[in-house]
Amino acid sequence: MGVALGLSAGLFFAIAAILSRIGMRVRGRDNGLFMSILINVLVLGLLMLAQDLPEWDTPGVVALAVGGMLGTFGGRGTNLRAVRLIGPTRATAFLTGGPLVTAVLGWLFLGERVSVLSAVGGLLVLAGLLRLVRAQSSALAMPGTGSPDTSSRTQDERDRLIGYVFAAMAPMLFGLAFVVRKWGLVEYPSAVAGAFIGAIAGMIVTMASDLAGGHLARRIAENLRSVPWWFVGAGMATSAALISQFLAFNHLHAWVVSLLQATQLLWTLILAAVFLRREERIDRRLALSVGLIAAGVLAITVQI
């Protein structure tokens, strides 16, 4: 059951990434984070009304809130920014490094152990990620042909570089969020409530960030005046992913859940090839990188 839930989380997050990218085509200044989290709060809040909640535990609730800020605002926010700048396939590829972060932190703070085979799998994942970055860097360094519009090419290269920085930040934040959420669920054992508390915390931080940047009023007006249905769909998908993730924590170690959710890359590749063929090209170098990553995921999965 835990394995199926972890894989389901990866699938639903992949669907959310694709829906968000499609929505970004018509919402030039909106990454969809606000509407996605709003839908999370509404859906998870309704589900929580039907739950018998455990006895209140302040440390557990605080941990779940912190995990929500790290994962929802930090991890998902940086990932969505990367999706806009470098596309969902490459942005999601970096998320496969999340299990490595979770494994180390889980070992340090939760006492979770990692076998030798799991370590080998982690190295394969790293090799795949490094090859992916190297291949993309080589592509950016290739001289252009035709028009000598160097300013446009330079800006494009800068955007891609920034995209890779955000993509690299996402697994670190997600990995930390996994460990904090796992610990919070031990203290306050309710998957739906845990996901809801995290969504509320993420919403508060997101709104505070938009308010500080002077974008909150515009963001609310734009999303209410013309509802971004692609982002609504992404919010529904992430709600399903969060529930699957939190339920999986009841059966598996945090690093294993993180690992299974990393199959989001494989789901995203399939979905992007079908729906975003004009934006996502799966060439031989990318395929080899994905193969290394998949081999690493498989090596760790056989330990479950």
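The model is predicted: local features need pLDDT of at least 70, side-chain atom pairs count only at pLDDT 80 or more, and totals for chains, interfaces and linings use all residues. Residues are numbered from 1 along each chain as its sequence is written, and side-chain values use heavy atoms, leaving out hydrogens and water.

**Confidence**
- Mean pLDDT (the predictor's confidence in each residue, from 0 to 100) is 83 for the chain, and 87% of its residues reach 70 or more.
- Helices (H or I, at least four residues) are DSSP runs, numbered from the N terminus.
- Residues 142-146 have pLDDT below 50, and beyond near neighbours in sequence this stretch has one contact (heavy atoms within 4.5 Å) in the model.
- Where pLDDT is low, the predicted coordinates should not be read in detail.

**Helices α3 and α8**
- The axes of α3 (residues 58-86) and α8 (residues 191-212) come within 7 Å and cross at roughly 55 degrees.
- Axes are lines fitted to C-alpha atoms, for helices over the stretch in contact; angles run from 0 to 180 degrees between N-to-C directions.
- α3 and α8 are therefore oblique to each other (under 35 degrees is roughly parallel, over 145 roughly antiparallel, 65 to 115 roughly perpendicular, the rest oblique).
- On the α3 side, the contact uses V61, L64, A65, G68, M69, T72 and F73.
- On the α8 side, it uses G194, I197, G198, A201, G202, V205, T206 and S209.
- These residues of α3 and α8 divide into eight nonpolar, seven polar and no charged.
- Ala, Val, Leu, Ile, Met, Phe, Trp, Tyr, Cys and Pro count as nonpolar, Asp, Glu, Lys and Arg as charged, and the others, Gly among them, as polar.

**Helices α5 and α11**
- α5 (residues 98-109) and α11 (residues 254-261) pack at about 180 degrees, with axes 8 Å apart.
- That makes α5 roughly antiparallel to α11.
- G98, P99, T102 and A103 of α5 meet A254, W255, S258 and L259 of α11.
- The contact of α5 with α11 has five nonpolar, three polar and no charged residues.

**Aromatic pairs**
- The structure holds four aromatic pairs.
- Rings of Phe, Tyr and Trp (its six-membered ring) pair if their centres lie within 6.5 Å; planes under 30 degrees apart are stacked, over 60 edge-to-face, the rest tilted.
- W56 and Y188 have ring centres 6.4 Å apart and planes at 65 degrees, so the pair is edge-to-face.

Technical notes: Helices (H or I, at least four residues) and strands (E, at least two) are DSSP runs, numbered from the N terminus.
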